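Colleague: Hey, I've got this one open and I'm a bit lost. Can you walk me through it?

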Amino acid sequence: MTNAEQPLLSVAGVTVRFGGLVALSDVSLEVAPRTVVGVIGPNGAGKTTLFNVVCGFVRPKQGTLSWRGTTLRNHRPDQLANLGIARTLQGLGLFAGLSVLHNVMAGADRTAKSGLAASVLGSRGAARGERDLRAKAMTALATLGIADTAHRYPGELPYGVQKRAALARALAAEPELLLLDEPASGLSEQDMAELVTHLRTLREDMAIMLVEHHVDLVMRVCDRVVVLNFGEVIAEGDPAKVRNDPLVTEAYLGDPARERDSA
Amino acid sequence: MGADTVTKPATRTTAQARRAIPPLLLHLGAAIIALVLVVALTLATDPFTNLRIATVGYYVLALAGLAVLTGMGGQISLGHGAFLFIGAYTVGLLVIHAPSLPIWADLIAAAVAGGIAGLLTGAAAARLHGPYLAGATLALAVGLPAITQRFPDFLGGSNGLSFTVNSEPAGLAVPSTRWQAWLVWLTVLIALVLLANIARGRLGRRMRSVRDDEVAASLAGIHVGRTKIVAFLISAACGGLAGGLQAFLLGTAAPGSFTPALSLSLLAALVLGGIGSLWGALWGALALVYFQAWAEDVSDALQLPTPVANNLPLALYGVILIVITFVAPHGIQGGLRRLGALAHRTRGGNR
């Protein structure tokens, strides 16, 4: 088991530049096991870039990333799942040609016990492996209350359900750290309330880091909040502390348009 | 074979019952039934039809390979004829220069040669998308057969290679075309069993994931580049084997059989049959062989002047392709599936 003192993920002094634009500037943060860390900030603050750095889609100019104390160097996105990091995408990224069940089974693929050669031969082991993956996928779907959609295709389902399917796919990878990119965007009030419940349950088994516009959700579920503005961390701490930070109010929370969004 | 099939609630229980059985047994069973059907068909028909049945066989394999690449893997290939070319010449060269090798060894070599070519192409193509990939593969189909001119002594120039394959076991008293049809279909069905396993299993799901969303697939732990290369490898090995079977059947391997037009008509036939499933390969191959034959018969019967008669079959084929694409945008297999779903719904409504 992880030492509770050691963070799962640490980001230290990460700087990212796109041409002349500084997307992230000397950003540091840590995610401890079984905690929920929220990253908030206005549009263009660098939230998704931060996720992309963690996932290996974007290489930082400076700074390091470490996972369980080991520095990640030039890691590729597909290696992340095997480390125990799963991520949902802002645009969902569901596989349109696969049923919801197979979408989630694809997420569980890294836990498969039978090899690819066995799947070509169609052996008994492959059949058992598929059965295991199917069971894991069904469990993930049932956890989020959408087991009845298993045999439907993403395009046939309402957005809120698709969003859950994408979350189920990430959960099926049995991650230790779950990265959620705007989990609440586009959700109805009721879906949002259920999301809060799910996140609180998931937190018992894994760490969660989320990027979110919806400040209210972040304040309700997060243990720690990191506020980004123009690529810099302008505040960090527990939700109450961050909420009362004058810099944050100025940069983000005080924006009347934002308050209307999150109301 | 129909891993893409929409599972209806009513059929879900049977599908679940089937899942406990290893896919290999299921697909082998289907293949044995298919082989029995083919044998029965060849026994009931004349040598000319036997030859056509065998021709359908190797086209099914070539199209099934293309279905893996394009339907499952989402990569387009306008140059698949190049892999058939490689397979055909592999068999031709082996029959001529290593006559002691049994035909099955020649065919395995054809699949391996096609596979190696696919691996190289796939590695080069892994970063290419859409029109760039189409262009690169088309270049392969245009360029590769030209090497026969470069090495005329070895590859026979534009006349290609001619050879006789003596594969029929002594004592088996059947017409040679019948034996050829059996051997072609036996080989094709073995390959199809493996392809059907792939379609139903982990590898097929990985390919479809990469096809639908590369970013999401990589986040699920799937190596996108490797998956694409594997799709190319499998597809090209099927192409190589199909080309090898063609050489076995015709006793020739000539550049004229592997023009870019072949590659394009393979892709067109797959679209016609239904790109997403291996069944589509069967309909596509039947269309390729029989529509064209039928169009030729029609133009012969009309007693048109030669220039018109020569081009009419292709024009008719084109018209059929356009009509079917309009009526059934997902090809014949897609259309059949929709009909099946409609029938199912109507039955459900009457209950």
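Colleague: How many helices and strands are there in chain B?

Modeller: Chain B has 16 helices and two strands; both are DSSP runs numbered from the N terminus, helices being H or I with at least four residues and strands E with at least two. Keep in mind that this is a predicted model, where local features need pLDDT of at least 70, side-chain atom pairs count only at pLDDT 80 or more, and totals for chains, interfaces and linings use all residues. Residues are numbered from 1 along each chain as its sequence is written, while chains are lettered from A and ligands numbered from 1 in the order in which they are written.

Colleague: What is the radius of gyration of chain B?

Modeller: For chain B the radius of gyration is 21 Å, close to the 20 Å that the globule rule gives for 351 residues, so chain B is as compact as a globular protein of that length. The radius is taken over C-alpha atoms, and the rule is 2.2 Å times the number of residues to the power 0.38.

Colleague: And how much of chain B counts as buried?

Modeller: 50% of its 351 residues. Buried means 20 or more other C-beta atoms within 10 Å of a residue's own, exposed means 12 or fewer, and partly exposed is in between, with C-beta atoms placed from the backbone.

Colleague: OK, switching to helix 4 and helix 5 of chain B. At what angle do they pack?

Modeller: Helix 4 (residues 81–97) and helix 5 (residues 103–125) of chain B pack at about 140 degrees, with their axes 8 Å apart. The axes are lines fitted to C-alpha atoms, for helices over the stretch in contact, and angles run from 0 to 180 degrees between N-to-C directions. That makes helix 4 of chain B oblique to helix 5 of chain B (under 35 degrees is roughly parallel, over 145 roughly antiparallel, 65 to 115 roughly perpendicular, the rest oblique).

Colleague: Which residues meet there?

Modeller: On helix 4 of chain B they include B:F83, B:I86 and B:G87, and on helix 5 of chain B they include B:A113 and B:G114. Contact means C-beta atoms, placed from the backbone, within 7 Å.

Colleague: Now the two chains. How many residues of chain A are in contact with chain B?

Modeller: 34 residues of chain A, in contact with 32 of chain B. Helix 2 (77–83), helix 3 (100–107), helix 4 (116–121) and helix 5 (124–143) of chain A each supply at least two residues of chain A's side.

Colleague: Last one: is helix 1 of chain A mostly covered or uncovered?

Modeller: Mostly covered: eight of the nine residues in helix 1 (residues 47–55) of chain A are buried. A:L50 and A:F51 are among them. Just after helix 1 of chain A, A:G56 takes a positive phi of about 85 degrees.

Technical notes
Contact = placed C-beta atoms within 7 Å.
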